[in-house]
Amino acid sequence: MKSSLNLLLTLFLISLLPNNSIAMWAGMSDAELIEQSDLIVKATYIGSSTVILNKEKLHLGVLNIEDTLKGDKQDVVFIRLSLRPKNFPQRSDEINFKAGQKGLWFIEKDAQRDGVYEIKHPQRFLPEQQFKSRLPALFKLLD
Amino acid sequence: MEFKTPSLKLITFAIIFTTTTTAHAFSTFNTAWNPGANTARFGGNPAPGGATWSIIGVGISDASGPTDADHAGVTTSLAALNPALDIVSIIDDAFDLWASVSGFTNLGQVADSGVGFGASEAGSASFGDIRIGAIDFDGPGGTLAHGFQPGTEAEFLNGSIAGDIHLDNEEDWGGTFDLAYVLLHEIGHALGLGHSDVPGSVLLPNYPVDSLGVPIPTLAFALTDDDIAGIQSIYGPAVVPLPGAPILFLSALALISFMKRKQTSSTS
């Protein structure tokens, strides 16, 4: 009894912690998320680096993929992050990730750059703690 | 206080933790419209915690240097987002609402000279601290609008884009999304607030939807306790105006009369 109460309280406290998303976006349904994703992967965000690709300076984040639910199988994915000059004011719709973030990623191809992907909506990352309960419904939509 | 069981202790801790967490659920950027820092654009008058605003006209492009494809086009008419609405009044009301609960002062609308957004200030007083315009972002859905954190060129070394607000001109601002609500949200960003996770807050990242996931077309034009705590953490509480001299005089008369009557009744 006491342990279940403690578990309930712990879950309640976890639910109060701020989530990851930081503009204002229109929400997406699961069906829209799946349909509008070129790649759906279970992966961990490793970190980011600024690189020159085809003479263009890009800031790329790297995802280490464990499992691919939709799209071509690959080991890593490069996602384009906003590249801001130093001392540029923060914009409300910029999404940043932290190394070690693990979960389900719903990724779009960057229409301008081959081999590069984008994540431009906070719902495109579902933290590991949340996706387990939603996997059955998502798999149903993927069929 | 004595705890009878460990669970009770945990419950008490949970309540304290909950209170603390919800009270600080808002987030802020690290800049604001600070005293003396934002004087370049309105004639050099120091305005502690105040900002002017202006409407970016049509055909204006991004002059802020390397940004991204979101700003590849030029601005379109803000009024055309929903011709049935008086958008200028809505913006003014939104600034006033934030000002009514905090030490921020809405210095009102000023003319906009029409230079590229993010252009160098270069001593120009010809546009507002916060410029608001419409531009194509990403088509319908996705990002509805964005705002930049407050500040000046002196702080960011990258032109005047700090504090500016852009609305996506591809959205259905008439029937799907509440323009006034989104403006209230973005002005919160322009004044220095980040996103909040408190249900009902104007600064939630996603536009509110109903139980079926459909965007609610009309929302309350109001701030929650969390929004108010956030803005007050930056600008302090609202300044309550002192009553005018006639009211003070009448109040004093009423007090004297009350005290005299009390004195008379106690002696009789």
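In this predicted model, helix 2 of chain B packs against helix 4 of chain B at about 50°, with the axes 9 Å apart. The crossing is right-handed. The residues in contact are listed below.

| Helix of chain B | Residues making the contact |
|---|---|
| Helix 2 | Ile90(B), Ile91(B), Ala94(B), Phe95(B), Leu97(B), Trp98(B) |
| Helix 4 | Leu179(B), Ala180(B), Leu183(B), Leu184(B), Ile187(B), Gly188(B) |

Next, the core. The largest nonpolar core holds 58 residues. Ala94(B), Trp98(B), Val182(B), Ile187(B) and Leu191(B) touch the most other members. Several elements give two or more residues to this core, including strand 1 (24-25) of chain A and, from chain B, strand 3 (130-135) and strand 5 (165-168). Helix 4 of chain B supplies the largest share, eight residues. Ile187(B) touches Ala94(B), Phe95(B), Trp98(B) and Ile165(B), leaving aside residues up to four places away in sequence.

Helix 5 of chain B spans residues 225-235. Its buried residues are Asp226(B), Asp227(B), Gly230(B), Ile231(B), Ile234(B) and Tyr235(B). They lie on the same side of helix 5 of chain B, because they cover an arc of only 155° around the axis. An α-helix has 3.6 residues a turn, so residues three or four places apart point the same way. The buried residues of helix 5 pack against helix 2 (87-100) and helix 4 (179-190) of chain B. Just after helix 5 of chain B, Gly236(B) takes a positive phi of about 80°.

Technical notes. Residues are numbered from 1 along each chain as its sequence is written. Chains are lettered from A and ligands numbered from 1 in the order in which they are written. This is a predicted model: local features need pLDDT of at least 70, side-chain atom pairs count only at pLDDT 80 or more; totals for chains, interfaces and linings use all residues. A residue is buried if 20 or more other C-beta atoms lie within 10 Å of its own, exposed if 12 or fewer, and partly exposed in between; C-beta atoms are placed from the backbone. Helices (H or I, at least four residues) and strands (E, at least two) are DSSP runs, numbered from the N terminus. The arc is that of the directions from the helix axis to the C-beta atoms. Two residues are in contact if their C-beta atoms, placed from the backbone, lie within 7 Å. A nonpolar core is a set of buried Ala, Val, Leu, Ile, Met, Phe, Trp, Tyr and Cys residues joined through C-beta atoms within 7 Å. Axes are lines fitted to C-alpha atoms, for helices over the stretch in contact, and angles run from 0 to 180 degrees between N-to-C directions. A crossing is left-handed if the near helix is turned anticlockwise from the far one by less than a right angle, and right-handed if clockwise.
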